[in-house]
Amino acid sequence: MLVPLLPPNEAAQPLPVSTTSRPDLHSFNFTVENDELSWNRVPLIQLIEQHGTPLKLTYLPQISKHIQHVKSIFAKAMARHRFRGGHTYCYCTKTSHFRFVLDEVLKNDTHLELSSAFDVSIVQELYRSGKINKSTYIICNGYKQPQYLERIGELIEAEFNVVPIIDSLREIGTYEHVHAREVNIGIRIATDEVQSTLFRTSRLGVRYSEVCELYRTRIQHHPKLRLRMLHFHINTGIQNTGYYWSELACFVHKYCKLRKICPSLDSIDIGGGLPIAHSLDFTYPYDGIVDQIIETISKICTRNHVAVPHLFTEFGGYTVGESGATIYQVIEQKQQNAKEMWYMINGSFITQLPDTWGKKESFICLPINNWSYPRRNVLLGGLTCDAQDFYADGPDRQHVSMPQYDEYREDQYVGLFHTGAYQEELSGYGGVSHCLIPAPKHVVVESDGNGRWKSCLFAPEQGSESMMRLLGYTEEKMMFSNDLDVLGSDCIPRHVCAPER
Ligand SMILES: Cc1ncc(COP(=O)(O)O)c(C=O)c1O
């Protein structure tokens, strides 16, 4: 079915483009003093002297700052529009699963969104350590294989505040058989993708045309299932485009339609998608966009005589992206023809910042030292043998501007900033990477609340032992067998099960 076309006045129009002046280094917490860069008041050269490079950094206070920022703009917009529903901030764990990230996130009265069976172990550990309790919302998204369904069932039976979001019609049977008096569920709606993609409708979620039928036939009269939430996530993020506003309006219309036949439905989840700065000239009207989201929901609900829903969000990139940085040393200058200068770095973009390769994403890329030196345009080259292991800036992939320094007498360091979201998740932290490039050292930086900072080594640079184990070199020999009976779990070679790093 085609998503219903809305009358022109139903979907909000894109906001006018801001004419405010462009931000600079200071807007993103950078300062330059004595020719050296500080980030969030952390003098990066000091960290480099202490830990060496390549170095991944996480600046924890940035996480809480971003959560509080989003919470406050939603609260302001809700107050402005006298929006009766509340806002629940969920963190989408797939953005970064590290414990130090989750610990920081959960200091801010937040809830969780999961996407895998293995996330459930994290939830159980966070509960054991008192970081969450049984009223913390656990939104279970994603396509669910049997193990994930089983583990969601475990959480429900242990009386966690779980809301499984139905992604496929097949999964509903599992919740019917969970040992619980009542199971709250949600339905994810499959959104239409932007026109340029190969397909029109997302593979994730239930078709618009099937949602009401699903409710009527499987949920409405079920003694256990309560439909509480309608969910959507726009793949391209929350952009100020006609496409986004029209998708949001369609979604809220669906909520209103369903709400009229389903009294238990009281919440919507608008997924993630708030952007972060990938360049110093980034601007985004966060307040205006959130205001328009709340206004759109309010208007459509009012027009349909339906109470406004409680609102859930699942911002991943915005929660952690700007907390991360990745620092390299330039190890050689290679002039490969009259025009092209390569600054070779002691790491790899393909393996350590995979979005630069897979999505041609850029990050804020700045020299760490030698700021007063004349600049030259260079390409940053990674260590693997892949031709695509390089970094170029911006959507049109420009050379980056770096100091012209004497490589025989001086060191040059370069930082890529706002790398805290998805990079380790995509590259597979600490595994076996292209050309056996090791996972870099990871340092976590905390503020002491008085403008000073302290750092902690989370993990040293990956050693060869873990790679040797993963590749099977630490086992005497592999056991082959024709006998299907012996292929039990005992036969799985130990190196496959061995803990990483
Ligand atoms: C269902 C869902 N929610 C939330 C997110 C987080 O999105 P973002 O990191 O853009 O905020 C994603 C990302 O893919 C997602 O699929």
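How many residues surround the ligand, and which are the closest? Select the ligand to begin: 15 residues surround it, the closest being His233, Gly272, Glu314, Gly316 and Gly317. A residue is near a molecule if its C-beta atom, placed from the backbone, lies within 6 Å of it. By class, this shell holds four nonpolar, nine polar and two charged residues, where Ala, Val, Leu, Ile, Met, Phe, Trp, Tyr, Cys and Pro count as nonpolar, Asp, Glu, Lys and Arg as charged, and the others, Gly among them, as polar.

The model is predicted: local features need pLDDT of at least 70, side-chain atom pairs count only at pLDDT 80 or more, and totals for chains, interfaces and linings use all residues. Residues are numbered from 1 along each chain as its sequence is written.

Colour the chain by pLDDT, the predictor's confidence in each residue, from 0 to 100. The mean for the protein chain is 92, and 92% of its residues reach 70 or more. Residues 1-8 stay under 50, and residues 17-23 also stay under 50.

Next, select Ile138, Ile139, Ile327, Leu380 and Val414, the residues with the most contacts inside the largest nonpolar core, which has 117 residues. Such a core is a set of buried Ala, Val, Leu, Ile, Met, Phe, Trp, Tyr and Cys residues joined through C-beta atoms within 7 Å. A residue is buried if 20 or more other C-beta atoms lie within 10 Å of its own, exposed if 12 or fewer, and partly exposed in between. Helix 8 (residues 242-261) gives the largest share of this core, eight residues; helices (H or I, at least four residues) and strands (E, at least two) are DSSP runs, numbered from the N terminus.

Stay on isoleucine 327: beyond its neighbours within four places in sequence, its contacts (C-beta atoms within 7 Å) include Thr53 and Pro54. A cis peptide bond joins threonine 53 and proline 54, with omega about -5 degrees. Proline 54 sits in the loop between helix 1 (44-51) and strand 4 (55-59).

Now select helix 9 (residues 286-303), whose buried residues include Ile289, Val290 and Gln292. These buried residues pack against helix 2 (61-80) and helix 8. Just after helix 9, histidine 305 takes a positive phi of about 55 degrees.

Finish at arginine 41, in the loop between strand 2 (36-39) and strand 3 (42-43). Arginine 41 has a positive phi of about 65 degrees although it is not a glycine. Most residues other than glycine have a negative phi.

Notes:
Two residues are in contact if their C-beta atoms, placed from the backbone, lie within 7 Å.
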